[in-house]
Amino acid sequence: MQFRLALEQREMERIEEYTKNKLDFFTNISNEFRIPLTIIITLLDRLTFEIPYTSKKKVERVKNRLYTFTLFLMS
């Protein structure tokens, strides 16, 4: 009986460690994408002040897509 409980305890610890490692991995991957995208969005914001109105619409559309994608990665 004790052997069975010890075995179940070890299995639970293994599952918890696996879950933690998986979460850490996806958090790191998310950050690897999110940080450069945030920098790009910031640069696009600055760029919109220096370009003609017709191009601003396109830049805003790209910026919004990147922003949406960034939010998706964070969820």
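What follows is a short walk through the helices, the core and a ring pair.

Before you click, note that this is a predicted model, where local features need pLDDT of at least 70, side-chain atom pairs count only at pLDDT 80 or more, and totals for chains, interfaces and linings use all residues. Residues are numbered from 1 along each chain as its sequence is written, and side-chain values use heavy atoms, with hydrogens and water left out.

**Stop 1: helix H1.** Select residues 2–47, which are helix H1. Helices here are DSSP runs of H or I, at least four residues, numbered from the N terminus. How far apart are the end C-alpha atoms of H1? They are 67 Å apart, which agrees with the 68 Å that its 46 residues should span at 1.5 Å a residue; the expected span is 1.5 Å times one less than the number of residues. Now colour the buried residues of H1: Ser30, Leu37, Ile41 and Leu44. Buried means under 20% relative accessible area, exposed over 50%, and partly exposed in between, with a 1.4 Å probe and protein chains only.

**Stop 2: the ring pair.** Zoom in on Phe25 and Phe26, which form an edge-to-face aromatic pair, 5.2 Å centre to centre with 75° between the planes. A search of the whole structure turns up 1 aromatic pair. Rings of Phe, Tyr and Trp (its six-membered ring) pair when their centres lie within 6.5 Å, and planes under 30 degrees apart count as stacked, over 60 as edge-to-face and the rest as tilted. Phe25 is partly exposed because its relative accessibility is 47%, while Phe26, at 52%, is exposed.

**Stop 3: the core.** Select Leu37, Ile41, Leu44, Ile51, Val59 and Leu66, the 6 residues of the largest nonpolar core. Such a core is a set of buried Ala, Val, Leu, Ile, Met, Phe, Trp, Tyr and Cys residues joined through side-chain atoms within 4.5 Å. H1 and H2 each give two or more residues to this core, and H1 gives the most, with 3. Click Val59: leaving aside neighbours within four places in sequence, its contacts (heavy atoms within 4.5 Å) are Leu44, Thr48 and Ile51.

Stop 4: Which lysine is buried, and which is exposed? Lys58 counts as exposed because its relative accessibility is 55%, whereas Lys63 counts as buried at 13%. Beyond its neighbours within four places in sequence, Lys63 is in contact with Ile41, Leu44 and Asp45. Finally, draw a distance from Lys58 to Thr48, 10 residues away along the chain: their C-alpha atoms are separated by 9.7 Å.
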